[in-house]
Amino acid sequence: MASNLTVVVLAAGGGTRMKSKTMKVLHPVGGRSMVGHVLTAVQQMEPSRIVAVVGTQREQVGPHIHELVPDAVLAVQETQDGTGHAVKVALEALGGKVDGTVVVVTGDTPLLRGESLRAFAEEHDAAQRAVSILSGRVANPFGYGRVVRNTEGDVEGIVEEKDATPEQREIDEINSGILAFDGAFLVDALDRVGNDNAKGEYYLTDTVGIARADGLTVGAFPVDDVMQTEGANDRAQLAALGREMNRRIVDRWMRDGVTVMDPETTWIESDVVLAPDVTILPGTQLLGATVVAEDAVVGPDTTLKDCEIGSGARVVRTHAELAVIGENATVGPFAYLRPGARLGAGGKIGTFVEVKNSHIGDGAKVPHLSYVGDAEVGEGANIGAGTTFANYDGVAKHRTVVGRYAKTSCNNTFVAPVTIGDGATTGAGAVIRRDVPPGSLAVSGGPQRNLEGWVLSRRAGTKQAEAAEQALPGATDGAPSDSTSG
């Protein structure tokens, strides 16, 4: 592209039909805001300047745009007086004079692709037109501006739906809202655009008629994939765009060597990265910046957000966020990995296990029914079922360290801060409040007491008592005795 390319992104509209406190262009589609998708496409053109026009809720939109494109120029449209007025505000933010090509895009077209914009701008430059229209043909053009051509097929102008005649409303070639201009012409033409129309606004599309009246060249560049130019004005249209974007993303990954068992129930966001030979099972959502390495199997019924999954790992019926799962590790079913959870190579996080801000080492296992919070579990260690890492004292969080190849028993509670040494063992039901030296066995609790005859005494007449009486036919007096075993 030429180095003097300017792109104007229109992001000032209120989007009242969204009925939302969130600005329309900030609503997410496929893991990015709508305007974020547009800016990604625009940057692929390598423009010398990007100007974003903001207005309604600019305190939301402006910082978001600067987060994505720090050197973007923000132009404020104080009153919503139409697209022509918006572009004029943008050019004023650049000092009022613009050379080269100016491409104007709307901020609510998330399916827009950079290669389409690049081809459009290159064709405009090659034809040396004053105005070029990115157009498309649709089966139902209702609501769109129509591209009006003469009998020779030359573009005469663009007419908006509310201003169109019945004959013009039959035209199926629509204006996408994306236009390219010769910069010098655009600066001059915007001063000549009026607002004598049904909405009393300054239409950018009126520049087409001005160019024709001046004897300048106007053309249209039909895009085959007209869905790229679709916008969203309400939640229903937003959902439709989301489904279409997901379909395209899933299709692309399948063509790149990923197995998706059920594309209809699989959702993959835009920034997810998948290696060849990954397998995605039904009901899976891969969100944010999740990365999955080759030969990993994810799903079914799994949600991963901003996670890293190693090669050969298996993650089933799991919800995880900001977690790292090592190669050949297994997770689930019904596991919950919270931010900071890290599982080493060959490790296991099993059924009904919750892990938070903890590192579980290579080959270590937390098989079932446990909570692991703020912990270091060493290589090869095994955590017994029903174990709780009691990390919170009511004021602060503390860490527990379980050493290499330690074996802990069922229903343990580790009261942090505490360390279980390398190769140590803990007894069933133990509450560990003090450090356990390496190789030691830690037990807690008093000896077991059996009150014989208690059921016959206290539960007489129940089926429990009947079963006990049949098992112990001599126990008929109901007087319990106390025996102790250690």
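Helix 1 (34-43), helix 4 (114-127) and helix 7 each supply at least two residues to the lining of the second largest pocket of this predicted model. Helices (H or I, at least four residues) and strands (E, at least two) are DSSP runs, numbered from the N terminus. Helix 7 gives the largest share of that lining, six residues. In total 19 residues line the second largest pocket, and Leu111, Arg113, Met245, Ile249 and Arg252 lie nearest its centre. A pocket is found on a 1 Å grid over the protein atoms alone, as an open set of points where a 1.4 Å probe fits, with protein on both sides within 12 Å along at least five of seven lines; lining residues have an atom within 4 Å of a point. By class, the lining of the second largest pocket has six nonpolar, five polar and eight charged residues. Here Ala, Val, Leu, Ile, Met, Phe, Trp, Tyr, Cys and Pro count as nonpolar, Asp, Glu, Lys and Arg as charged, and the others, Gly among them, as polar. The volume of the second largest pocket is about 520 Å³, where a volume is the space filled by probe spheres set on the points, and grid points are joined across faces, edges and corners.

Residues are numbered from 1 along each chain as its sequence is written, and side-chain values use heavy atoms, with hydrogens and water left out. Because the model is predicted, local features need pLDDT of at least 70 and side-chain atom pairs count only at pLDDT 80 or more, while totals for chains, interfaces and linings use all residues.

The largest pocket holds about 1800 Å³ of space. Its lining has 47 residues, and those nearest the centre are Arg17, Lys24, Asp108, Lys199 and Asn233. Strand 1, helix 3 (83-93), strand 6 (101-106), strand 10 (173-182) and helix 7 (235-255) each supply at least two residues of this lining. Strand 10 provides the largest share, four residues. Sorted by class, the lining of the largest pocket has 16 nonpolar, 22 polar and nine charged residues.

Two strands pair if DSSP finds at least two bridges between them. Strand 1 (residues 5-11) pairs with strand 4 in the parallel sense over six bridges, and strand 1 also pairs with strand 6 in the parallel sense over six bridges. Val7 has a partner in each of these strands: Val103 in strand 6 and Ile50 in strand 4. Val9 stands opposite Ala52 in strand 4.

Seven of the seven residues of strand 1 are buried, so strand 1 is largely enclosed by the rest of the structure. Buried means under 20% relative accessible area, exposed over 50%, and partly exposed in between (1.4 Å probe, protein chains only). Leu5, Val7, Val9 and Ala11 point one way from strand 1, Thr6, Val8 and Leu10 point the other way, and all are buried.

Strand 4 (residues 49-54) has five of its six residues buried, so strand 4 too is largely enclosed by the rest of the structure. Strand 4 pairs with strand 5 (residues 73-76) in the parallel sense over four bridges, and Val53 has Ala75 as its bridge partner in strand 5. Together with helix 2 (residues 58-68), strand 4 and strand 5 make a right-handed β-α-β unit. Right-handed means that, with the strands pointing away from the viewer, the path from the first strand over the helix to the second runs clockwise.

Two bridges join strand 36 (residues 425-426) to strand 38 in parallel, and the partner of Thr425 in strand 38 is Leu441.

The cysteines remain. Cys307 counts as buried because its relative accessibility is 3%, whereas Cys410, at 40%, counts as partly exposed. A search of the whole structure finds zero disulfides, a disulfide being a pair of cysteine sulfur atoms within 2.5 Å.
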